[in-house]
Amino acid sequence: PGTPAAQQKETDATLDTLQAHAHAVAALIAAVPHTPFGGPSSLVNATLNASADLVSSGGERSSSAAWVLLRSLLALDPEWMGAKQRLAKLYSMLKVVLAHRVENISKDKRDAVESELRSRAQALRALTSFLQLMPEPLAAPLIKPILSSLLPPNSALLAECREHAPALMSPAFRAAFMLFRARLYELLGTLPSSALSAKVLNIVMPMVVADIVDPSNTHASTCSTLSSMLNSRDETLAAAGVHDEALSPVGEPMRTGLSAQAESACEWLAELQGGSFSSAEVQALNAAVSLFGSVFRLQTSDVRQQLLGHLGTAASKAGLKDQQAQRFSLSPASEKADRCSALTNICAALLGSLQRLAHKPSRSLLRMELVESITNVLNPCLSDADTSVRRGAAQCVGLLGALLGEQYATRFLSL
């Protein structure tokens with residue numbers, strides 16, 4: 001007792017206790033809207049004040065506890081959180097973590113950079129939850145400050161970490177950097193389209209595209225969003241593979257002891273479940289696929305042609321590599337069928353883009369001149385061994401028929 005090691009152990013235990021208490025309080029706050037008579041206003045006000053104090057106190061784990069508490073408050077009536085004085089308090093909390101630039105990124109300061117990335121990832125996740133859950137009129141006062149004060153320092157940090165990544169690289173840094181860029185992608189996908197300025201896209205989109213098309217960027221991880229994009233009516237035509245089952249809801253909902261209502265109320269608890277499909281790499285891929293679709297919908301035909309060119313080149317390489325692997329592999333046929341395809345991320349990016357165009361038409365219409373580039377992406381997917389990829393590609397064909405009309409349908413049938 002009294003040694004630096006013992007003191008650090010005691011500090012760690014205290015901070016772990018703080019995290020546990022934060023999750024317990026957050027669960028109680030999230031339950032308030034589901035109780036017959038609500039809860040005392042003093043409790044929710046004290047929770048907001050506590051989260052602000054924790055952010056001000058500094059430290060990664062104190063900040064983490066603060067954002068858990070804040071996210072629980074978003075489960076309350078939006079009018080409560082949308083009050084002017086509470087929005088001001090929320091913005092002051094965000095400024096503490098997100099509004100300053102990180103100077104002198106170097107190998108000597110790797111631990112500090114990792115901690116900074118994790119803290120910012122948690123704050124960005126809370127901000128994204130706020131924008132997703134609050135009605136647009138209530139969230140509108142924060143949009144301009146976000147774009148002017150919070151987004152630039154974090155876009156700059158993304159660029160600097162990418163530049164210095166070879167020197168900083170370690171398992172801990174990689175996980176922190178992947179999680180940070182996942183959260184930044186998610187925020188950009190949630191902000192109004194006017195926020196996606198050329199300056200921001202020039203920093204972010206090269207990484208988004210690289211995450212989707214280059215397996216080395218994400219340790220050959222596979223996004224988990226493709227299965228959620230697929231039309232459930234097609235399941236009778238192709239049974240789910242092993243990896244599809246792993247991505248779908250658990251067949252025994254009470255096996256975990258959590259009800260669907262409780263899980264939706266305490267949405268942050270999903271981040272504690274772990275597993276390969278909750279890794280930082282998969283979260284970054286899911287966010288990259290989503291942001292790719294949002295950006296594709298907004299762009300002109302020239303920019304779409306460039307994006308499709310990246311997908312097409314990667315699809316050709318991945319398709320050829322998969323064919324060679326299947327030809328020379330000694331694994332049983334069942335194992336080959338259950339293995340996730342390298343084309344999953346590419347197919348998800350194209351399907352998500354077309355779904356967005358179909359759901360919310362763009363001022364820039366999809367044109368027939370893009371069909372050849374789209375076909376270069378689709379052909380390897382349509383012949384892939386993975387049923388999910390084939391189903392996703394088939395849905396793409398259907399969406400293209402709806403978006404481009406009979407001219408595309410005739411051309412596709414003639415191929």
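This is a predicted model: local features need pLDDT of at least 70, side-chain atom pairs count only at pLDDT 80 or more; totals for chains, interfaces and linings use all residues.
## Overall composition

The protein contains 19 helices and zero strands. It comprises 415 residues, of which 45% count as buried. Its accessible surface amounts to about 20600 Å², and carbon and sulfur atoms account for 56% of that area.

Contacts can also be described by the sequence separation of the residues involved. Among contacts in the protein with a separation of 6 or more, 81% are between residues 24 or more positions apart.

## Helices H2 and H3

Helix H2 spans residues 41-57 and helix H3 spans residues 60-73; their axes come within 8 Å and cross at roughly 155°. Angles over 145 degrees count as roughly antiparallel, and H2 and H3 are therefore roughly antiparallel to each other. The crossing of H2 past H3 is left-handed.

On the H2 side, the contact is formed by Val44, Thr47, Leu48, Ala50, Ser51, Leu54, Val55 and Ser57. These residues meet Ser62, Ser63, Ala65, Ala66, Trp67, Leu69, Leu70 and Leu73 of H3. By class, the contact of H2 with H3 has 11 nonpolar and five polar residues, with no charged residues.

## Helices H5 and H7

Helix H5 (residues 84-98) packs with helix H7 (residues 136-168) at an angle of about 10°, and the two axes lie 11 Å apart. Because angles under 35 degrees count as roughly parallel, H5 is described as roughly parallel to H7.

H5 contributes Leu87, Leu90, Tyr91, Leu94, Lys95 and Leu98 to the contact. Their partners in H7 are Leu138, Pro141, Leu142, Pro145, Ser149, Leu150, Pro153 and Asn154. The residues of the contact of H5 with H7 comprise 11 nonpolar, two polar and one charged.

## Helices H18 and H19

Helix H18 covers residues 387-404 and helix H19 covers residues 406-414; they pack at an angle of about 140°, with their axes 6 Å apart. H18 and H19 are therefore oblique to each other.

In this pair, Val397, Leu400, Gly401 and Leu404 of H18 meet Glu406, Gln407, Tyr408 and Phe412 of H19. The contact of H18 with H19 divides into five nonpolar residues, two polar and one charged.

## Leu168 in helix H7

Leu168 lies in helix H7. With a relative accessibility of 0%, Leu168 counts as buried, because the category applies under 20% relative accessible area.

When neighbours within four places in sequence are left aside, Leu168 is in contact with Ile105, Ser106, Lys107, Arg110 and Phe173. Leu168 and Asp111 are 57 residues apart in sequence, and their C-alpha atoms are 9.4 Å apart in space.

## Asn104 in the loop between H5 and H6

Asn104 is located in the loop between H5 and helix H6 (110-133). Its relative accessible area is 55%, so Asn104 is exposed, given that exposed means over 50%.

The backbone of Asn104 has a phi near 55°, a positive value in a residue other than glycine. Most residues other than glycine have a negative phi.

Note on methods. Residues are numbered from 1 along each chain as its sequence is written. Side-chain values use heavy atoms; hydrogens and water are left out. Axes are lines fitted to C-alpha atoms, for helices over the stretch in contact, and angles run from 0 to 180 degrees between N-to-C directions. Helices (H or I, at least four residues) and strands (E, at least two) are DSSP runs, numbered from the N terminus. Angles under 35 degrees count as roughly parallel, over 145 as roughly antiparallel, 65 to 115 as roughly perpendicular and the rest as oblique. Contact means heavy atoms within 4.5 Å. Ala, Val, Leu, Ile, Met, Phe, Trp, Tyr, Cys and Pro count as nonpolar, Asp, Glu, Lys and Arg as charged, and the others, Gly among them, as polar. A crossing is left-handed if the near helix is turned anticlockwise from the far one by less than a right angle, and right-handed if clockwise. Buried means under 20% relative accessible area, exposed over 50%, partly exposed in between (1.4 Å probe, protein chains only). Accessible areas come from the Shrake-Rupley method with a 1.4 Å probe; for residues, only the protein chains shown count as cover.
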